Amino acid sequence: MRELIDRLKAERTLPDRELLLLLTQAGSREREYLFAQARQVSQARFGSWVYTRGLIEFTNYCRCDCYYCGIRRGNQKASRYRLEPEEILRRCADGYRLGFRTFVLQGGEDPYATDQRMVALVQAIKAAHPDCAVTLSIGERSPESYRLLRQAGADRYLLRHETATPSHYARLHPPAQTLEHRMACLWELKRLGYQVGAGFMVGSPWQTADCLVADLRFLEKLQPAMVGIGPFIPHKDTPLAQFPAGTLEQTLLLLGVLRLMFPDLLLPATTALGTISPDGREQGILAGANVVMPNLSPQQVRKKYSLYDNKICTGEEAAESWANLDARMRAIGYRLAVDRGDSPGIHSVQTDMEHP
Ligand code: SAM
């Protein structure tokens, strides 16, 4: 197994059979070895810095009906909200003072978020904070919409592919939502010059090790700048409420594998990882992740952006606790960077990152 890990590190890929072996048979010793190699690769690129993104969950209205998601259209119990642009700008200003240099606007596919409104919002954020990156995560839109948003100044776009296996995708989504369309969006975003983030849930219902290998193969083709992975966590008011959550162990294993396959990757230790384990994000960093995305949304709406049960939404994960999060990162030998945190090789407008 160690030989497989060494080969993955050297060659950045393995045949299907060996990837399957690694994903299903690695014992605790081998996992520790994998994480040590992943940390080495990550530190060679990023040092001991962890990039931060201020996450603003600006609307939980959604026209999609993903079977796993708490803000799906069909969930009548969801209490809906959307933030006014002024409030979003206030949260960006607060975030800037704390040290954030990337703002992620994430939301359901809200028909109110028209191109005109989103273009104005992106322009306003870029005008107020020209040294910051804006990331959008607002789902599937038309090529023209993506073009307008890019022109307005959006730098990055997160759109998890969710699963690269069409039959699996079809079990997680209604027929109107197709993998083909989601992937076409990702390719279009890439063509437009966004730093693109794909990704998937770990341990989603019906996911097999073959599905995970297909996910890794798709990522090899797409070559995204970022990959967001986190455990599936059931939400009580969704059709998949009865399925078990994905595990911390499997998510960490995949983070380690992803780091060895894609040394330059922006790889977040996600909120979902912090939800299934109190030190999940620290463990994620120690398995090869290099990004954290604390919540910058106003306190009163955080609970309403409920994608899954028990999402952490007070305390350490709150953006206000930058100092606490920094202390947690320092405790494991890392520090939060005051930096846009672009993909390596992409020129950042201004960097005020000091070195440890
Ligand atoms: N609407 C945008 C989109 O489709 O990309 C962004 C919002 S969507 C809620 C963000 C991500 O949340 C999804 O890509 C999905 O992977 C994740 N998510 C949704 N429900 C989840 C669950 N029950 N457990 C873990 N992650 C979940």
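**Entry: ground rules.** I am working with a predicted model, where local features need pLDDT of at least 70, side-chain atom pairs count only at pLDDT 80 or more, and totals for chains, interfaces and linings use all residues. Residues are numbered from 1 along each chain as its sequence is written, and side-chain values use heavy atoms, with hydrogens and water left out.

**Entry: the cavity.** I found one cavity of 30 Å³ or more.

**Entry: the lining.** I counted 46 lining residues, each with an atom within 4 Å of a point. Closest to the centre are Gln106, Ser137, Arg160, Glu162 and Leu307. The lining splits into 27 nonpolar, twelve polar and seven charged residues. Asp, Glu, Lys and Arg count as charged; Ala, Val, Leu, Ile, Met, Phe, Trp, Tyr, Cys and Pro as nonpolar; the others, Gly among them, as polar. Strand β7 gives the most, five residues. Strands here are DSSP runs (E, at least two residues), numbered from the N terminus.

**Entry: the ligand.** Where does the ligand sit? I find the ligand in the largest cavity, since more than half of its atoms lie within 2 Å of the grid points. I list 18 residues around the ligand, and the closest are Tyr68, Gly107, Arg160, Glu162 and Ile233; the cut-off is a heavy atom within 4 Å. This shell has ten nonpolar, five polar and three charged residues.

**Entry: contacts.** I checked N and O pairs within 3.5 Å. A polar side-chain atom of Arg160 is 2.9 Å from a ligand oxygen. A backbone N or O atom of Ile233 lies 2.7 Å from a ligand nitrogen. The protein buries 92% of the 560 Å² that the ligand exposes when taken alone, by the Shrake-Rupley method with a 1.4 Å probe.

Note on methods:
A polar contact is a pair of N or O atoms within 3.5 Å; within protein, one must be able to donate a hydrogen and the other to accept it, and residues adjacent in sequence count only if both atoms are side-chain atoms. On a 1 Å grid over the protein atoms alone, a cavity is a set of points where a 1.4 Å probe fits but cannot get out, and a pocket is an open set with protein on both sides within 12 Å along at least five of seven lines; lining residues have an atom within 4 Å of a point. Grid points are joined across faces, edges and corners, and a volume is the space filled by probe spheres set on the points. Helices (H or I, at least four residues) and strands (E, at least two) are DSSP runs, numbered from the N terminus.
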